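Hi,

Here is the structure I said I would pass on to you.

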Amino acid sequence: MSGALLLNVAMLGHVDTLVNVEVPVLYLAQQISPVLGLIFAFILLEEIFSTSAPMLWTVVDSVTKQDTKKSVKQGILIAVSLLSLIGAQLPFGTLVGIVYPFTGYFGIVMLVLFIGREVWENRKQRAVEEGD
């Protein structure tokens with residue numbers, strides 16, 4: 001927590017220069033030392049890979065069933081990988097501007113659906129109990 005606090009204080013101290021930077025922490029690391037910036041850029045790439053690779057498999061597994069042919073899974077894997085590669089060509093700020101609102105709206109829809117299902121199941125349960 002103290003590292004995050006120091007990072008936020010550093011960003012607030014340089015808010016005038018960071019306002020137009022897409023990855024402020026990387027910019028700060030480069031300002032401290034170009035070598036540190038390079039190391040941090042490598043760490044960021046590793047973090048992106050360690051997040052995106054499992055997400056790719058999760059998407060393929062959620063789209064396909066357990067008994068789906070291997071060739072179909074491979075085709076979906078290639079299609080999702082190509083879509084990801086196309087999306088990766090967008091500038092970082094544009095990509096974040098697309099993905100964050102989409103996931104927010106998707107989360108709201110899912111929350112409404114979960115609440116609706118709970119209400120539906122509770123009403124159905126009450127109807128069964130009243131009918132006994």
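Let's start with F92, which counts as partly exposed because its relative accessibility is 43%; buried means under 20% relative accessible area, exposed over 50%, and partly exposed in between, with a 1.4 Å probe and protein chains only. You'll find F92 in helix α6 (helices are DSSP runs of H or I with at least four residues, strands are runs of E with at least two, and both are numbered from the N terminus). Leaving aside neighbours within four places in sequence, F92 is in contact with E22 and V23, where contact means heavy atoms within 4.5 Å. F92 and E22 are 70 residues apart along the chain, yet their C-alpha atoms are separated by 6.9 Å.

Before you go further, a word on the source: this is a predicted model, where local features need pLDDT of at least 70 and side-chain atom pairs count only at pLDDT 80 or more, while totals for chains, interfaces and linings use all residues. Residues are numbered from 1 along each chain as its sequence is written, and side-chain values use heavy atoms, with hydrogens and water left out.

Now the aromatics. A search of the whole structure turns up one aromatic pair. The ring centres of F102 and F106 are 6.3 Å apart and the planes are at 20°, so this pair is stacked. For the cut-offs, rings of Phe, Tyr and Trp (its six-membered ring) pair if their centres lie within 6.5 Å; planes under 30 degrees apart count as stacked, over 60 as edge-to-face and the rest as tilted. F102 and F106 are separated by about one helical turn because they sit four residues apart in helix α6. F102 counts as exposed, at 55% relative accessibility, whereas F106 is partly exposed with a relative accessible area of 48%.

T103 is in helix α6 too, and is partly exposed at 44%. From T103 to D67 it is 36 residues in sequence and 29 Å in space, C-alpha to C-alpha.

Over in helix α4 there is F49, which counts as exposed at 56% relative accessibility.

T64 lies in the loop between α4 and α5. Is T64 buried or exposed? It counts as buried, because its relative accessibility is 10%. A polar atom of the T64 side chain lies 2.8 Å from the backbone oxygen of V60. Leaving aside neighbours within four places in sequence, T64 is in contact with K73 and I76.

Last, the largest pocket, which has a volume of about 1600 Å³. Of the 36 residues that line it, I48, S52, M55, L95 and V99 are the closest to its centre. On a 1 Å grid over the protein atoms alone, a pocket is an open set of points where a 1.4 Å probe fits, with protein on both sides within 12 Å along at least five of seven lines, and lining residues have an atom within 4 Å of a point. Grid points are joined across faces, edges and corners, and the volume is the space filled by probe spheres set on the points. Helices α3 (24-32), α4 (34-63), α5 (70-88) and α6 (92-131) each supply at least two lining residues, and α4 gives the largest share, 14 residues. The lining divides into 27 nonpolar, seven polar and two charged residues; Ala, Val, Leu, Ile, Met, Phe, Trp, Tyr, Cys and Pro count as nonpolar, Asp, Glu, Lys and Arg as charged, and the others, Gly among them, as polar.

Cheers

How values were computed:
A polar contact is a pair of N or O atoms within 3.5 Å; within protein, one must be able to donate a hydrogen and the other to accept it, and residues adjacent in sequence count only if both atoms are side-chain atoms.
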